Structure formats: structure tokens, C-alpha cells
Amino acid sequence: MDQTVENQAMAPKAAPTISESEKNAIIGGVLLSMLLAALDQTIVAPALPTIARALGHAEYLPWIVTGYLLTATAMAPLYGKISDVYGRRPVIYAAILVFLLGSLVSALAPNMLVLVIGRAIQGAGGGGLFALAQTVIGDLVPPRERARYAAWIAGTWAVASVAGPLLGGVFAEHLHWSLIFWINLPIGFLAMAIINNPLKKLPIAAKNHSIDGLGAVLLVIATSLLLLALNWGGSAYPWLSREILGLQACSAVFWAFFALRLLKAAEPLISLEVLSNPIVLAGTLSMFLLQAANIGASVYLPVYLQSVVGLSVSQSGTAMLGLLLGTVAGATFSARMIPRFVHYKRIAMVGVSLAIVCIGLLSAIAGHASLLEVLILTTLTGLGSGTTFPVSTVSVQNAVDRAHLGVATGVLTFLRTLGGALGVAILGAVALGYGLPLSSEGSATHIELSSALPFVMIFLTTGITLVLALIALALMPEKALRGRDEQAAPVLAE
């Protein structure tokens, strides 16, 4: 009898039940926190000239963007692992507080150096908000139902992409540039209040585990050096300069040390079980390549619209809505269709194939395309490529158990962001290699209609990258999506 009582006392307690209203509150709160980080990638750009006039040292303006990007990208995989060990609630709270601290430092910055430091602190929190929002949704919703929430994430990005530049411009022109950072404080505290109580009910998936501190340091250094090389290459320094080659060599060394640490550590930062999973490998690779194509094309599409089609700066921004809204529509459609298909990855494969055809057609008519033709082709490109985001995210999360959900989602977020940075760098090198003239601010000067060759090559390179993403999707095994009470399902036969 005593033994039975003792066994019952030692048995793990069942996780508290989370009601539907609590689940919706948590998802709303984490999406609000994600909106914080997404806004700060788009709201700053329109205010940069005003900030330069107010603080001086305009030559350091790129670091306002680069500082955020460096820390946000490098920290994403760390948050995933830490949340697997210590639970989602304290880690997402820490990410929000770090982000708000960076916002406060940025808002009060008396000079450019302090502002750059504030932005780097913001990125250290923002990188966690991206990964943790998707991880928490993965905790709450089984894979079979999870795809529809991917549309909410795409919608969050769409709101940030549209509202960010508008708010940034209004604050900088009519009020004060520091408001682009002050606005984060009430939004952040609101998100924390919404998720405070219900988030306590989420169980900790991997108790009694540790964090590999050395592995984390090596990953941050390796990533930061690589991103510096990608950001400075072709702009601050030539690609074959000592500085860029040196950064690339140092990054390669630290990546090698990090790989060695993964093999040697008792509990590596990123589980080898996760890294060796063929679904995780192919799913993250497809997201990496797709984001390289998407972000790279979105950076140079406005330049094309201004230089070849002949639009003004404001008109080119409006014309970009086709690509943006197409991507959101593609993600929404894919998310709704995934539960209805057994071989759900084919949704993304058809979508990416459509994007390849459309970007190929755009490259063929780039020199003489009308605005209507560009809008149709870019909207369909976004529609097709957008289908991949829910498929890749759900596939990766469905492929791992709860104990590794944070790590897998963190790796996916990390490679997605890194892919965007690499895409911009590659297309920038293509543009410069084919003679696209760039001003010191990074925008193209006016070129004649007969000089569309750089854009033809940019669109072709984007298409090739999408072909590689399609191959990665084709090679990705499928597992039947788990429901609420199901364990991991077997790999599906093609």
C-alpha cells in the first residue's frame, strides 16, 4: 500500500488542460509578439534619412539594419533549444523583455553608436520571437491542424510589410523618429499580459537537460562573420577583397569548430537526431532556398520597376503589393489544403513550379514588359512560392517529437533568415557583374530600356534558385500528419 502511494507521488503530473479560449489567447499573444519583431524589420527604413539628420554619422546608417539582422539570425536556434529545456513561457518572456530593452535604448539614443547598440539588442530578442511563436503554436496545435495557423503567420508578415513603412514614414516626417521604437513598449507589454496565465499550462518538453554554452558561442560567431561578409561584399568592399575573403575564411573556421562541437558534446546545441532527420534536412533546405529567391527578388524588383518600367519610388512600392499579397494568398491556400491531401507536399511542388514558370517568363520579357504583365507575373510568383511556407514548417515540426520541437523550429527560422541574406548577396553580385549601376545609397540610377540585361540575369538566377528549392521538396520524405492523440506516423509511400 505504502509503495503504491509512493509511486503515485513520484509519477509525473498530467499537463493542465488548455481551453480553446486560452489556446486562442496564447496564439494571439505570440503572433502579437512576432508582429513586434516583423515591424522592426520594415518600419526603420523610411526613417533612416531623418535619423541621419538628427544623429549625424550617416555613414553608419546601414548598421541600424545590419546590427538587428546579425543578432536576430544568430540567436534564433539558441532560443529553440533553451525553450525545450526551460519551457516556453520564461524564454518567450525573456525574448520580449530583451526586445523591449533594445527598443528603449534605441528610442533614447543620443548618437548613432548607441542606436546601433540598441538595434543589436532588439535583434537578440527579435530572433527569439520569430522562432518561439511558431514553436508555441506547434505545442498547442497538432500537425494535422497546424497548417491553417501558418496563414496567420503569413498575415502577420503582410501587416508588418504594409504597416511598417507607412508608420515609419508618418512618425519620421510628422512626429518624431523615436516613436518607431516607443510604439513597441505598449505592444510588447500587451502581448505579455495576454499570454501570462494560459502559457503557464504548457509543459516543459525536455527537463533535466543542459545548454551547450560553447556550441552557442561558436554558432553566434560563425553566423555573425558570415552575415558581415554577405552584407559588406560588393558594397563596402569588393567580393574578392582581403576583408571579405578574411571574413569568409574566419566564418568557415568557426563553422568547422561548431560542427566538431556537435559531434563531441555530450548534449549538443542542435541535436544530431534532428540534423540527421531527412525531413528536417530537406524541409529546412527548401525554406532556405525559397527565402533566398523571395527576399533577393523583392529587393531588386523595385529597382527594376523604377529603372526599366519607369515608375516612381512610391509607385514601385505600391506595385510590390502584388508579390506580397500573392505570397500571403499562396500561404493561406496551402494552409487550408494541407489537411485535405495525403501527399500534402505536392501542394508546394505545384506552387513552386508555377513560380518558376512565371519568373522565367518575366526574365524573357524583362526588357519590354508592361506594368500589367509585371504585376500579373509577380503576383503569380508570390502565389506559387507562398505555398511552401506552411508545407515546410508543418513537415519539419511533424517530423520531430515534442522534446526537439523548439530546436527544429529554431533551425528552420535560422536558415530561413540566412537564406534571405544570402539571396540578396548573390543577386547583388549578379547585378554588379552585369553592370547594374548602383548609387552609394544602394538604389539603382536610371538606366535605359535597352539595358535590362542585369534584371534578366537577376530573374533567371531567382528562377534557378526556385528550381533547387523544388528539387529539395521533391526529395523530402512525407509523414502522415499527427492528430491530437496520435504518435509519430510512418513515412508515406510516394
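Helices here are DSSP runs of H or I with at least four residues, strands are runs of E with at least two, and both are numbered from the N terminus. What you are looking at is a predicted model, in which local features need pLDDT of at least 70 and side-chain atom pairs count only at pLDDT 80 or more, while totals for chains, interfaces and linings use all residues. Residues are numbered from 1 along each chain as its sequence is written, and side-chain values use heavy atoms, with hydrogens and water left out.

Asp212 is buried because its relative accessible area is 6%; buried means under 20%, exposed over 50%, and partly exposed in between, using a 1.4 Å probe and protein chains only. Taking contact to mean heavy atoms within 4.5 Å, and leaving aside neighbours within four places in sequence, Asp212 is in contact with Arg261, Ala265, Glu267, Pro268 and Leu269.

Now step back to the whole chain. The protein has 20 helices and zero strands. Of its 494 residues, 53% are buried. Among contacts with a separation of 6 or more, 82% join residues 24 or more positions apart. The exposed surface comes to about 20900 Å², and carbon and sulfur atoms supply 68% of it; such areas come from the Shrake-Rupley method with a 1.4 Å probe, and for residues only the protein chains shown count as cover.

Next, the interior. A nonpolar core is a set of buried Ala, Val, Leu, Ile, Met, Phe, Trp, Tyr and Cys residues joined through side-chain atoms within 4.5 Å. The largest one holds 81 residues, of which Tyr304, Ile458, Phe459 and Leu466 touch the most other members. Helix α13 (residues 278-309) gives this core its largest share, 14 residues. Apart from neighbours within four places in sequence, Ile458 is in contact with Tyr300, Leu427, Val430 and Ala431. Another core lies apart from the largest one and has 37 residues, including Val136, Leu140, Tyr149 and Ala191.

Two further buried residues are worth a visit. Ser106 belongs to helix α5 (residues 88-107) and counts as buried because its relative accessible area is 0%. Not counting residues up to four places away in sequence, Ser106 touches Leu115, Gly118, Arg119, Gln122, Trp177 and Phe181. Met337 is found in helix α15 (residues 321-337) and, at 16% relative accessibility, is buried too. Met337 and Thr387 are 50 residues apart in sequence, with 9.8 Å between their C-alpha atoms.

Finally, come out to the surface. Leu354, Leu372, Ile376, Leu380 and Leu383 form a nonpolar patch with about 390 Å² of accessible area together. Nonpolar patches are built from Val, Leu, Ile, Met, Phe, Trp and Tyr residues with over 30% relative accessible area and no salt bridge, their side chains joined within 5 Å; a salt bridge is a side-chain nitrogen of Lys or Arg within 4 Å of a carboxyl oxygen of Asp or Glu. Helix α17 (residues 371-386) supplies the largest share of the patch, four residues. Leu372 lies in helix α17 and counts as exposed because its relative accessible area is 58%.

Definitions and conventions. Patch = residues over 30% accessible without salt bridge, like charges linked within 9 Å, V, L, I, M, F, W, Y side chains within 5 Å.
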